Amino acid sequence: MDQTASVDALVQQYLAGSQQAAAELLERYGRMAYTVIRHLIPRQADADDVYQEACIKAITSLSNLQDQARFGGWFKQIAIRTAIDHRRKRQAVHTPLDERLHDTGPGPELSALQAAQCRTVRDAVAELPEHYRQVIVLFYWSDCSYQEIADALRIPKGTVMSRLHKAKALLQRNLEPTGVKEGNALWI
Amino acid sequence: MDLEKLLRESKPELPANISQLNTSVLAALQDHKATPGVQPKPAKLVDRFFQAFVQYPLPVLTASSLLISVVLLQLGNTFGFSHWLIQQAGSIVFR
C-alpha cells in the first residue's frame with residue numbers, strides 16, 4: 001500500500017475492494033479516534049469495544065461520505081457519537097471513581113507536584129456533570145474545534161461555547177479549595 | 001489561576017495497542033464483507049431453555065414444574081379438570 005496516497009484515494013481504493021486501504025486509513029486515523037473515545041470512556045475495555053464499533057461503522061459507511069478528503073473529521077465525529085451513545089446506554093451521569101482515567105502519568109520531566117496537580121485537575125473534570133465533562137474533554141484533551149463538538153453532539157456552536165464557559169466556572173470553583181495553581185508552586 | 005493552561009497541562013497520555021485493535025477491526029470487516037447486512041440470529045426458545053437448564057438446572061426445573069402446574073390448574077378451572085380428562089380419554093379410546 002502506498003503510504004503517501006491521499007485520503008480520498010484510500011477511500012476510493014477501499015470502495016473498490018482493497019482491504020489494505022482500510023488498514024492504512026485505520027493506521028493514519030485510528031490513534032486520533034481512540035484518543036477521543038478513551039477520553040470520553042475511561043474504562044479501557046469499554047473504550048476498546050467502542051473503538052472497534054466506531055471503526056466498523058466508519059469503514060462500512062464510507063460510501064455515504066460525500067467529501068472523501070474529510071475522512072479524518074468524519075471519523076472523529078463517528079467516534080465521539082459512538083462513545084456518547086455508549087455512555088448514554090450505560091446511563092452514566094457521573095464517572096464513578098474507579099472509572100477515572102488511568103494513564104501512564106506524567107513524563108519524567110514533570111515534578112511530583114505537577115503530577116499531583118494533574119491528577120487533581122483530572123479528578124475535578126471527572127466529577128463534572130456529563131454534559132460539561134464532554135465539552136471540556138473534547139475541547140482541551142481531544143483537540144476538537146467548537147464546530148466539531150457542535151456537529152458531534154448535535155447542538156448549536158453557541159451552546160458548546162456556553163457549556164464550556166459554565167464548565168470552566170464550575171471547575172474553577174471546585175479547584176479553588178484544593179489550592180491548585182498554575183506553575184510549579186502548586187499547593188497552598 | 002489560568003484554568004485553560006492547567007487543563008491543557010493535565011491532558012492524560014493514554015497508551016493503547018492500536019495495531020492489535022485494528023487487526024480485530026479488519027477481521028470483523030472481512031466477516032462483514034463475506035456476509036453483508038447479516039445480523040446474528042437470536043437464539044431459539046428451545047436453545048435458550050436448554051442453555052438455562054444446563055446453567056441452572058434446579059431453578060429451571062422448579063420454574064417449569066410450577067408453570068406446568070399453573071397451566072393444568074387453569075385447564076381444570078376452565079373445563080372442570082376431571083370432565084376434560086374423561087373427554088380426552090374417551091376421544092383416545094373411541095377414536
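In what follows, helices (H or I, at least four residues) and strands (E, at least two) are DSSP runs, numbered from the N terminus. By that rule chain A has eight helices and zero strands. Before I go further, please note that this is a predicted model, in which local features need pLDDT of at least 70, side-chain atom pairs count only at pLDDT 80 or more, and totals for chains, interfaces and linings use all residues. Residues are numbered from 1 along each chain as its sequence is written, chains are lettered from A and ligands numbered from 1 in the order in which they are written, and side-chain values use heavy atoms, with hydrogens and water left out.

Let me begin with chain A. Read from the N terminus, its elements run α-α-α-α-α-α-α-α. I shall call a residue buried under 20% relative accessible area, exposed over 50%, and partly exposed in between (1.4 Å probe, protein chains only). Of the 188 residues of chain A, 51% count as buried. A contact here means heavy atoms within 4.5 Å. Among the contacts in chain A with a separation of 6 or more, 63% come from residues 24 or more positions apart.

Helix α3 of chain A covers residues 44-60, which is 17 residues. The span from its first C-alpha to its last is 24 Å, close to the 24 Å expected at 1.5 Å a residue; the expected span is 1.5 Å times one less than the number of residues. Which residues of α3(A) are buried? They are A:Asp46, A:Ala47, A:Asp48, A:Val50, A:Tyr51, A:Ala54, A:Cys55, A:Ala58 and A:Ile59.

I turn now to the interface. The contact takes 27 residues from chain B and 42 residues from chain A. Together the two chains bury about 3300 Å², 64% of it on carbon and sulfur atoms; buried area is the accessible area (1.4 Å probe) that two parts lose on being put together, summed over both. Eight residue pairs are in polar contact across this interface, both residues at pLDDT 80 or more. A polar contact is a pair of N or O atoms within 3.5 Å; within protein, one must be able to donate a hydrogen and the other to accept it, and residues adjacent in sequence count only if both atoms are side-chain atoms.

On the side of chain B that touches chain A, the elements giving two or more residues are α1 (3-9) and α2 (18-34) of chain B. The largest share of that side, eleven residues, comes from α2(B). By class, that side has 14 nonpolar, five polar and eight charged residues. Here Ala, Val, Leu, Ile, Met, Phe, Trp, Tyr, Cys and Pro count as nonpolar, Asp, Glu, Lys and Arg as charged, and the others, Gly among them, as polar.

Next, the charged pairs. Side chains of opposite charge can pair when their charged atoms come close. The rule for a salt bridge is a side-chain nitrogen of Lys or Arg within 4 Å of a carboxyl oxygen of Asp or Glu.

Which residue of chain B meets A:Lys168 in a salt bridge? The partner is B:Glu4, at 2.5 Å, N to O. A:Lys168 is found in helix α8 (residues 157-175) of chain A. Leaving aside neighbours within four places in sequence, A:Lys168 is in contact with A:Ile136, A:Tyr140, B:Leu3 and B:Glu4.

A:Asp143 forms a salt bridge with B:Lys11, with the closest N and O atoms 3.3 Å apart. A:Asp143 lies in the loop between α6 (130-141) and α7 of chain A and B:Lys11 in the loop between α1 and α2 of chain B, so the pair joins two chains. B:Lys11 is partly exposed, at 25% relative accessible area.

Within chain A, A:Glu148 pairs with A:Lys76 in a salt bridge, the closest N and O atoms being 3.4 Å apart. Since A:Glu148 is in helix α7 (residues 146-153) and A:Lys76 in helix α4 (residues 71-90), the pair ties together parts that are 72 residues apart in sequence. A:Lys76 is buried at 10% relative accessibility, whereas A:Glu148 is partly exposed at 23%.

Finally, the backbone. Most residues other than glycine have a negative phi. A:Asp143, however, has a positive phi, near 55°. Phi of A:Arg154 is also positive, near 55°; this residue lies in the loop between α7 and α8 of chain A and is exposed, with a relative accessible area of 63%.
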